[in-house]
Amino acid sequence: SEKQIKRDFAMGTAIVNLQFGIDRPNQLGDEGVTVVSRCIATGCPWVTTLWLSTNDITPAGAKVLGEGLAMSQSVTELSVANNPIKSDGLAALVAAVAGTECPLAKLDITTCQVIRLPFELCDLEDLKVIVLEDNNILFPQREVISRGITATIDFLQRTRETQSPPKTPQVDSSLSAGRQRRKLLPELDQVPHPMDDWRHSRNQHQDSFASMDSSLLLAGSVTGQGGGEKPKVFGTGWHSTLPTMDPVALSWKQDKKR
């Protein structure tokens, strides 16, 4: 219970043993480890060793625990053995502690379902011992881990430095824009101008009309055959911002007056 956890921290002993067992028949779980995290963060500078084995702590609980340890300046040993914190939980815990004043020197993650060690282990400056038993660790390789913690940390450091984010393919924006325009509109030299038939039938057009939006003209089609048939423009309709006189019609009017 919460009261019992607080009482254990208030006893003033350097070792706080909250391992599940005969003396503690109830596992802490994520809810109980949240109380532990608060106790560490709000004081208890006498606590140097924290044993939390077999308490059904999940990755979420490991992250909360790490946030509490980040506020501690005294905890040097932590055991979360036999808890399913997995690789994500270990990474979250270590990332929370890395770069803080927590002097964590020993970390026991025996049987925690960890398959990958996080790069943030390199940032735990005081770490001297890490217990990895009964974990099917795939990264780093067994050959590296078997050489000890110094070789393991060096390997993680070198790998992190050589890694780079995947490169995004560079696309020429002008080419991309060109391709997009060709999808929207056909090439101009392949489309008959909508005004061609109209100019040939000027005898039937004595009055000026509003200028047509070029985008609508290109999007529409003209079905005009013969000089006397009126061209048909398929689109959303005429669009005009300022009426203009067609130069062909104007020339025809001037010739007629003469």
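This is a predicted model: local features need pLDDT of at least 70, side-chain atom pairs count only at pLDDT 80 or more; totals for chains, interfaces and linings use all residues.

Residues are numbered from 1 along each chain as its sequence is written, and side-chain values use heavy atoms, with hydrogens and water left out.

The protein chain contains 10 helices and 5 strands, taken as DSSP runs (helices H or I, at least four residues; strands E, at least two) and numbered from the N terminus. Of its 258 residues, 34% are buried, meaning under 20% relative accessible area with a 1.4 Å probe, protein chains only. Among contacts (heavy atoms within 4.5 Å) with a separation of 6 or more, 69% join residues 24 or more positions apart.

Helix α3 spans residues 59–69, and its buried residues are Gly-61, Ala-62, Leu-65, Gly-66, Gly-68 and Leu-69. These lie on the same side of α3, because they cover an arc of only 160 degrees around the axis, judged by the directions from the helix axis to the C-beta atoms. The buried residues of α3 pack against α2 (29–41), β2 (49–51), β3 (77–79) and α4 (86–97).

With α2, the axes come within 8 Å and cross at roughly 10 degrees, as lines fitted to C-alpha atoms over the stretch in contact, with angles from 0 to 180 degrees between N-to-C directions. The two helices α2 and α3 are therefore roughly parallel, a term for angles under 35 degrees. Residues making this contact include Val-33, Val-36 and Ile-40 of α2 and Val-64, Leu-65 and Leu-69 of α3.

Technical notes:
Buried means under 20% relative accessible area, exposed over 50%, partly exposed in between (1.4 Å probe, protein chains only). Angles under 35 degrees count as roughly parallel, over 145 as roughly antiparallel, 65 to 115 as roughly perpendicular and the rest as oblique.
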